[in-house]
Amino acid sequence: MVVAWTKFEMRPSTEMPKKMVARMRAHDLPLPLAVAIQNLAWGLSQPFAGAIADRFGTAKVLSAGAVVYALGLVMLSQATSATGVYLSIGLVVGIGTGAAS
């Protein structure tokens, strides 16, 4: 129960600051498509993360998912192009979320 609570509370509490969203709008970076990619990566990575969790244990996969999620946020803070946004918040954060759920 605590793990599920932590996972589901992490997403709303780490929303992008207003300055970062304003910077994305100033550079015309496509955030909605990045979030769509994130949802696809989340859904597609869950079966693989489940299989890995069956083999190596849920704690290790959950921890790895949290690290990948954090890596995606760090990558997003350094993104200067649409490709960087797609890779960071789209693919990497989606895979991290899939591993953590």
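Modeller: Leu-91 is partly exposed, with a relative accessible area of 38%; buried means under 20%, exposed over 50%, and partly exposed in between, with a 1.4 Å probe and protein chains only. The model is a predicted one, in which local features need pLDDT of at least 70 and side-chain atom pairs count only at pLDDT 80 or more, while totals for chains, interfaces and linings use all residues. Residues are numbered from 1 along each chain as its sequence is written, and side-chain values use heavy atoms, with hydrogens and water left out.

Leu-91 belongs to helix 5; helices are DSSP runs of H or I with at least four residues, numbered from the N terminus.

Together with Leu-71, Met-75, Leu-87 and Ile-95, Leu-91 makes a nonpolar surface patch of about 390 Å². Such a patch joins nonpolar side chains (Val, Leu, Ile, Met, Phe, Trp, Tyr) within 5 Å, from residues with over 30% relative accessible area and no salt bridge. A salt bridge is a side-chain nitrogen of Lys or Arg within 4 Å of a carboxyl oxygen of Asp or Glu. The areas come from the Shrake-Rupley method with a 1.4 Å probe, and for residues only the protein chains shown count as cover.

Helix 4 (58-78) and helix 5 (82-99) each supply at least two residues of the patch, and the largest share, three residues, comes from helix 5. Met-75 lies in helix 4 and is partly exposed, with a relative accessible area of 31%.

The packing of these helices comes next. Helix 4 and helix 5 pack at an angle of about 165°, with their axes 7 Å apart. Axes are lines fitted to C-alpha atoms over the stretch in contact, and angles run from 0 to 180 degrees between N-to-C directions. Helix 4 is therefore roughly antiparallel to helix 5, a term for angles over 145 degrees.

Helix 3 (residues 31-56) also packs against helix 5, at an angle of about 30° and with the axes 7 Å apart. Helix 3 is therefore roughly parallel to helix 5, as angles under 35 degrees are called.

Ala-51, in helix 3, is partly exposed, with a relative accessible area of 48%. Its C-alpha atom is separated by 9.9 Å from that of Val-61, ten residues away along the chain.

Technical notes. Patch = residues over 30% accessible without salt bridge, like charges linked within 9 Å, V, L, I, M, F, W, Y side chains within 5 Å. Parallel < 35°, antiparallel > 145°, perpendicular 65-115°, else oblique.
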